[in-house]
Each structure stands twice: as structure tokens, then as C-alpha cells.
Amino acid sequence: MTSYVENETDEEFSFDIQEVADRVMEAVLEKEGCPYEVQINLVLTDNEGIRACNAQFRKMDKETDVLSFPNVEYEYPADFSHLEGESADYFDPESGELILGDIMISVDKVKEQAANYNHSEKREFAFLVAHSMLHLCGYDHMEKEEASVMEKKQEEVLESLGITRED
């Protein structure tokens with residue numbers, strides 16, 4: 001897996017964002033049975049930056065905690081079987097890696113939500129990465145049943161990494 005992490009803010013965390021992001025991304029990919037090496041871009045921005053992207057791409061002029069931009073279309077979540085003959089659309093021609101998509105996280109929301117939920121910024125950041133990775137793997141939470149599946153998967157990934165609410 002290749003991940004590119006860019007922090008557009010001056011905010012810093014007490015943990016290594018690259019290391020935590022990579023651990024969570026790899027755990028989701030393993031759990032979902034992704035058979036490919038992948039590329040993922042992660043941009044950390046502030047509330048203003050994520051609001052601008054949310055308005056531009058989702059026509060919602062408001063702040064949010066995380067945005068996911070999947071590069072792959074799925075018939076069923078985490079069904080990678082249809083990608084085999086689609087190298088021009090989904091794979092980096094130089095590395096051969098599956099370009100899974102992009103993630104954008106508001107560092108302001110990480111700090112705010114960690115305080116509101118009374119857990120660490122590391123736990124909140126890891127949760128948002130896991131949530132977004134599941135979107136990049138084709139999951140959604142528009143229906144109650146879909147939300148339940150995503151919530152369970154997010155918790156399983158974080159627990160498997162020892163990143164808990166007490167962390």
C-alpha cells in the first residue's frame with residue numbers, strides 16, 4: 001500500500017498521523033479482502049477547507065468531519081472481482097497499484113469531536129480514516145441497515161488495532 005498524507009494546516013497531533021492512517025488503512029483493506037496493492041491520498045485540512053470541498057463536490061455548504069472520494073465503482077461493497085480487466089480506469093500505470101481514492105479530514109473536527117465524545121484525538125482520527133476507507137471500498141450509510149454494517153466494521157477494525165475509546 002502506498003499512502004500520501006498531506007497536512008494543509010499548522011495543526012499537530014501527539015501521534016504520528018502517517019503511521020496511524022497506514023495502520024487503519026491496511027487493517028480495513030485486509031478485513032475487506034482487497035487483493036491488490038493500493039494507493040490512497042489523505043489530505044488534512046481545516047473546517048474552511050473541507051466546507052469549500054463539501055460545497056463544490058456535494059453541493060452542501062457546511063463543514064463536515066470527513067469526505068471520501070472513491071475511485072472505484074462497486075456493484076456490491078468490497079467486491080473487487082470486476083477490476084481485473086479494468087487496468088486503464090483503476091490502476092496506476094507506473095506502479096500497478098489500485099488507485100482506491102482520496103480522503104479529506106478536517107483537523108478542526110477531529111479535535112472538536114474527540115472532546116465532545118470524550119476520547120483521544122488519535123481515536124477520532126483513526127475512526128474517521130476507517131469510516132472513509134469503508135466508503136472507498138463501496139460501503140454507505142444512507143439506510144439504517146447499511147449504517148449498522150459500517151458501524152460494526154469500523155469498531156472491529158479499531159478494536160483489532162487496540163484503538164479504543166479509552167485510548
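This is a guided tour of a predicted model, stop by stop, with what to select at each.

Residue numbers start from 1 along each chain as its sequence is written. Because the model is predicted, local features need pLDDT of at least 70 and side-chain atom pairs count only at pLDDT 80 or more, while totals for chains, interfaces and linings use all residues; side-chain values use heavy atoms, with hydrogens and water left out.

**Stop 1: the largest pocket**

Select Arg58, Ser68, His135, Asp140 and His141. The largest pocket has a volume of about 470 Å³, and of its 23 lining residues these five are the closest to its centre: Arg58, Ser68, His135, Asp140 and His141. A pocket here is an open set of points on a 1 Å grid over the protein atoms alone, where a 1.4 Å probe fits, with protein on both sides within 12 Å along at least five of seven lines; lining residues have an atom within 4 Å of a point. The volume is the space filled by probe spheres set on the points, which are joined across faces, edges and corners.

Now colour α2 (47-58), β3 (66-70) and α5 (121-136), each of which supplies at least two lining residues. Strand β3 gives the most, with 5 residues. Helices (H or I, at least four residues) and strands (E, at least two) are DSSP runs numbered from the N terminus. The lining has 10 nonpolar, 7 polar and 6 charged residues. In this count Ala, Val, Leu, Ile, Met, Phe, Trp, Tyr, Cys and Pro are nonpolar, Asp, Glu, Lys and Arg are charged, and the others, Gly among them, are polar.

**Stop 2: His135**

Stay on His135, in helix α5. His135 is buried, with a relative accessible area of 15%; buried means under 20%, exposed over 50% and partly exposed in between (1.4 Å probe, protein chains only). Its side chain reaches the backbone oxygen of Tyr139 at 2.9 Å. Beyond neighbours within four places in sequence, His135 is in contact (heavy atoms within 4.5 Å) with Ser68, Pro70, Asp140, His141 and Met150.

**Stop 3: the second largest pocket**

Select α4 (107-117) along with α5: each supplies at least two residues of the lining of the second largest pocket. The volume there is about 180 Å³. Helix α5 has the largest share of the lining, 5 residues. Among the lining residues are Tyr117, Phe127, His131 and His141.

**Stop 4: the cores**

Show Phe80, Leu98, Leu100, Ile105, Phe125 and Met133, the residues with the most contacts inside the largest nonpolar core, which has 44 residues. A nonpolar core is a set of buried Ala, Val, Leu, Ile, Met, Phe, Trp, Tyr and Cys residues joined through side-chain atoms within 4.5 Å. Apart from this core lies another, of 5 residues, among them Val43, Cys53, Leu67 and Met104.

Pick Leu67, in strand β3. Leu67 is buried at 4% relative accessible area. Its contacts outside four places in sequence include Ile50, Cys53, Asp102 and Ser132. From Leu67 to Phe80 is 13 residues in sequence and 22 Å in space, C-alpha to C-alpha.

**Stop 5: two loop residues**

Finish with Lys59, in the loop between α2 and β3, and Asn118, in the loop between α4 and α5. Most residues other than glycine have a negative phi. Phi of Lys59 is near 60 degrees, and Asn118 has a positive phi of about 55 degrees. Lys59 counts as exposed at 69% relative accessibility, and Asn118 counts as exposed at 68%.

Methods
Polar contact = N/O pair within 3.5 Å; in protein donor to acceptor, adjacent residues only side chain to side chain.
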